[in-house]
Amino acid sequence: MSTTKLARRAGTGRTGDKVFSGAALGAGALIVAVLFAVALFLVVQALPTFSAPAADITGGEGFFTYIFPIVIGTLIAATIALLIATPIGIAVALFISHYAPRKLARGLGYVVDLLAAIPSVVYGAWGASFLASQLKVPYQWLAENMGWIPLFAGPASSTGKTILTAGIVLAVMVLPIIASLTREIFLQAPMLHQEAALALGATRWEMIRMAVLPFARGGIISAVMLGLGRALGETMAVALVLSSGPLIASLIRSGNQTIAAEIALDFPEAFGLRMHELIAAGLVLFLITLAVNMVARWIINRHKEFSGAN
Amino acid sequence: MKALHIGRVAAVLTVGALALTACGTDNVVETGNGATTGASAGPTVTGTLTGTGASSISAAMDAWKAGFESANSGAKVQYSPEGSGAGRKALIAGAVQFAGSDAYLKDEELVSAQEKCGPDGAINVPWYISPITVAFNVEGVKALKLDADTIAKIFRGDIKNWNDAAIKAANPDATLPDLAITPVHRSDNSGTTENFTDYLAAAAKTVWTDAKSGDWPTALPGENAKGTSGVVKTTTETAGAITYADDSAVTDALGKVELKVGDTFVPVTAEAAAIAVDAATVVEGRSANDLSLKLDRTTTVAGAYPAVLVSYGVFCAHYPDAATVDLVKSFGTFVLSDEGQKQAADAAKSAPLSAALATKAKASVDSISVAK
């Protein structure tokens with residue numbers, strides 16, 4: 001009697017183990033399969049674009065001439081977003097993890113996480129109808145006083161719907177991702193190291209610089225890369241905020257366009273070759289994101305041995 | 001699990017369809033009497049009609065769907081607004097029974113439609129007219145008289161200020177400020193842009209050198225925004241902005257341009273748009289039942305407003321079975337009836353077809369028959 005019970009118990013244990021490992025394997029394989037299927041779809045659907053005569057492509061000068069400006073536009077918007085969001089995000093995270101009183105920290109953490117839950121179309125509407133009109137005057141000032149820098153060459157946009165505005169909106173959207181991920185990393189920094197630094201007479205900022213930031217470097221880069229992924233792929237907010245146009249260096253004039261917004265705006269009425277073109281644009285965005293993530297992985301791996309983790 | 005689920009849905013649908021059909025047969029006499037103004041085709045029809053195409057008519061289509069389905073309780077209309085091009089492509093591929101399109105089928109599309117629609121191909125029937133307003137935001141100015149050349153110059157950035165001599169000359173009474181003009185156009189591909197650029201290309205030949213297109217020429221300066229509501233909002237918020245949009249979406253906060261037609265200036269109204277469409281000629285070399293209209297954007301007919309968008313219902317000339325033919329004819333007749341046009345005007349502020357054009361369009365729909 002007891003032996004059968006034991007055997008049965010052992011049996012269930014093994015089954016559970018098998019089921020779980022199978023499920024885990026399935027989940028792992030599924031993500032690869034989905035990624036592969038997406039890539040395959042993009043490549044197959046994009047192919048007609050590459051075999052079509054250059055004159056038939058939008059702009060009339062081939063796919064490269066068509067895609068180049070919007071690739072650069074995408075990178076400009078994402079760069080602005082990260083330049084703004086990374087320092088603020090890290091500062092917010094450090095404040096929550098190391099400076100704020102515990103009660104305040106918890107509330108603030110919730111608020112930051114809530115920012116991530118707002119749908120992007122709401123950010124877009126806010127950017128287009130509120131932020132843009134608020135930025136008209138600063139842009140005017142920039143054009144008048146800093147116009148000699150090509151980035152701020154005038155005349156400033158009269159609606160304020162420029163790539164800089166889009167970048168700022170993206171920064172707000174990316175901020176909660178960077179802030180909440182880095183906060184978790186900072187909280188995991190080894191207490192012993194921090195206490196040791198303080199015991200040796202370091203100020204709080206020195207302690208953070210010596211014991212927290214080096215430990216968190218890999219995590220910060222991962223967080224920034226996740227934020228970059230969102231900034232690169234963000235569609236609705238950019239489509240609503242940006243008054244698009246040809247590629248220009250000035251950030252305060254209407255112009256530039258991002259891949260995701262271009263697809264969102266033109267896909268509903270696209271058919272035939274135009275549709276394949278837009279899918280090809282999607283493929284390019286896919287490849288950019290892939291490349292960015294691989295570079296990030298490489299940086300993280302290179303810095304692994306220097307981090308405080310070991 | 002999934003199969004079971006689908007099975008269940010199918011069962012529900014079947015039961016539902018049976019119930020609907022039952023209702024339909026019960027009410028034949030009653031609805032036949034009630035629907036004298038609407039589906040004048042007589043007896044009610046049953047079945048599901050599927051279409052796809054232009055998003056510009058979605059509001060009107062929702063009204064037509066509701067009106068048609070309440071007059072024919074056994075019938076159902078499905079319409080997915082995926083864009084004019086997608087609609088024409090789907091009809092040619094035989095995936096839908098009708099398409100909505102802001103442009104009639106091109107000659108080569110008519111040829112390719114013969115494969116699924118039979119040797120007589122497809123027919124284009126105008127069923128929705130919408131005037132395009134040129135709207136601007138200049139404080140204290142609610143109406144301006146402008147000719148096509150001036151409008152084209154403004155949208156090309158050649159005229160940069162509201163106190164320009166060309167604007168002043170036509171509007172001696174208006175107090176025009178020293179204010180920069182900001183042209184605002186659509187950032188997405190749209191039938192409104194296509195019809196507006198068509199108007200400019202025809203009426204201001206020497207100034208507007210770009211061909212008509214659903215995408216605004218990217219080389220031109222100016223701001224843009226997404227969708228009709230986007231351009232109207234941006235214009236309302238920007239002093240000195242000017243844009244073009246479906247008249248239904250333009251609010252009282254903006255001034256409207258009166259277009260120069262012949263020697264007079266015509267303000268935008270539904271009637272003026274219908275007059276312009278009446279002045280259009282039918283494209284030649286097509287089947288007798290095809291009502292593809294070539295709009296004369298340079299018309300001098302009194303009271304015509306030539307910046308209009310005409311949307312077409314695209315049908316096959318023949319369908320394989322009588323049930324589909326009845327359904328298509330009944331729906332087409334309903335849309336073109338006074339009631340259908342009024343519902344669209346209420347829902348989407350479109351301009352109803354004139355009686356003459358509606359009669360011609362109904363005759364076209366009536367010609368649809370079963371393939372031999």
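What pattern does chain A follow when it is read along the sequence? The pattern is α-α-α-α-α-α-α-α-α-α, and the count of elements in chain A comes to 10 helices and zero strands. Helices here are DSSP runs of H or I with at least four residues, strands are runs of E with at least two, and both are numbered from the N terminus. The radius of gyration of chain A is 25 Å, well over the 19 Å that the globule rule gives for 310 residues, so chain A is more spread out than a compact globule. That radius is taken over C-alpha atoms, and the globule rule is 2.2 Å times the number of residues to the power 0.38.

Before we go further, a word on what you are looking at. This is a predicted model, in which local features need pLDDT of at least 70 and side-chain atom pairs count only at pLDDT 80 or more, while totals for chains, interfaces and linings use all residues. Residues are numbered from 1 along each chain as its sequence is written, chains are lettered from A and ligands numbered from 1 in the order in which they are written, and side-chain values use heavy atoms, with hydrogens and water left out.

Let us stay with chain A for its overall dimensions. Its C-alpha trace spans about 80 × 55 × 35 Å along the principal axes. Of the 310 residues in chain A, 42% are buried; buried means under 20% relative accessible area, exposed means over 50%, and partly exposed lies in between, with a 1.4 Å probe and protein chains only. The accessible surface of chain A is about 16300 Å², and carbon and sulfur atoms account for 72% of that surface. Such areas come from the Shrake-Rupley method with a 1.4 Å probe, and for residues only the protein chains shown count as cover. Of the contacts in chain A between residues at least 6 apart in sequence, 77% join residues at least 24 apart, where contact means heavy atoms within 4.5 Å. As for charge, chain A has 20 positive and 14 negative charges, and their mean positions are 18 Å apart. Lys and Arg count as positive and Asp and Glu as negative, while His and the chain ends are not counted; each charge is placed at NZ of Lys, CZ of Arg, CG of Asp or CD of Glu.

Now zoom in on a few places in chain A. A:Tyr99 lies in helix H2, which covers residues 63–99, and this tyrosine is partly exposed at a relative accessible area of 39%. Residues A:Tyr99 and A:Arg204 are 105 apart in sequence, yet their C-alpha atoms are 9.1 Å apart in space. Setting aside residues up to four places away in sequence, A:Tyr99 touches A:Leu94, A:Arg204, A:Trp205 and A:Ile208.

Further along, A:Asn256 sits in the loop between helix H8 (236–241) and H9 of chain A. Most residues other than glycine have a negative phi. A:Asn256 is not a glycine, but its phi is positive, at about 65°. With 1% relative accessibility, A:Asn256 counts as buried. Helix H9 of chain A (residues 259–266) has six of its eight residues buried, so this helix is largely enclosed by the rest of the structure. Its buried residues include A:Ile259, A:Glu262 and A:Asp266.

Chain B has 13 helices and 15 strands. Buried residues make up 51% of its 372 residues, and its accessible surface is about 15700 Å², with 56% belonging to carbon and sulfur atoms.

How many disulfides does a search of the whole structure find? Over all chains there is one, joining B:Cys117 to B:Cys316 with an S to S distance of 1.8 Å; a disulfide is a pair of cysteine sulfur atoms within 2.5 Å. B:Cys117 lies in helix H5 (residues 107–117) and B:Cys316 in strand E13 (residues 308–316) of chain B, so the pair ties together parts that are 199 residues apart in sequence. The link is left-handed, with -45° about the S-S bond, and both cysteines are buried.

Helix H5 of chain B also holds B:Glu109, which counts as buried at 11% relative accessibility. Beyond its neighbours within four places in sequence, B:Glu109 is in contact with B:Arg88, B:Ile92 and B:Tyr104.
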